[in-house]
Amino acid sequence: DGGLMEESKIYASTRTASDWSPALEVTGANGDFLSRHPIEGELYGSKVLYFSANIPGGKGGFDIYYAKKISDTEFEAPQNIGALNTDLDDITPYYVDGKLYFSSEGWPGIGGFDIFSSSWNGTDWSTPENMGLPINSSTDDLYYRIAENKEMGFLVSNRIAEGAKS
């Protein structure tokens, strides 16, 4: 099967005084579909879990969903994030300071998966904006994250590194 996951669920572990609790499968956000890339954020003034999943009835492939947080391991049913999703894969969401960053094959891009950002205005998400060069490349660019000091970012890419010998 090429090592593909047949099932993937979201689990949570909480910090204890000396270690971490056992990982517990969260309720509400999992189902008969593949769940990936969970990240906490906010939406409509509530804490939510953003993630990508291939829930039947979505726009296509993997879509980005959110589930309102009830407790550390309990969430309401997943809701499709809507206009940010395309008929291709939309994955690796990351929320910080009212912005959602994600990778998509469906929005116009430079090639492969590109990283996009969208801002929440309290009612709607803005039209996704391609992060452009040099963040994106002609290959796949995923898992965008901003360092705590906001002076640096990280991403995963299968591009050929500058200075690499071919």
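The protein chain holds 0 helices and 13 strands, where helices (H or I, at least four residues) and strands (E, at least two) are DSSP runs numbered from the N terminus. This is a predicted model, in which local features need pLDDT of at least 70, side-chain atom pairs count only at pLDDT 80 or more, and totals for chains, interfaces and linings use all residues. Residues are numbered from 1 along each chain as its sequence is written, and side-chain values use heavy atoms, with hydrogens and water left out.

**Overall form**
- Along the principal axes, the C-alpha atoms fill a box of roughly 45 × 40 × 40 Å.

**Burial and contacts**
- Of the 166 residues in the protein chain, 38% are buried, meaning under 20% relative accessible area with a 1.4 Å probe, protein chains only.
- Among contacts (heavy atoms within 4.5 Å) with a separation of 6 or more, 37% are between residues 24 or more positions apart.

**Asn85**
- Asn85 lies in the loop between strand S7 (79-80) and strand S8 (90-96), and counts as buried at 4% relative accessibility.
- Leaving aside residues up to four places away in sequence, Asn85 touches Lys59, Asp63, Ile64, Asn80 and Asp90.

Conventions. Buried means under 20% relative accessible area, exposed over 50%, partly exposed in between (1.4 Å probe, protein chains only).
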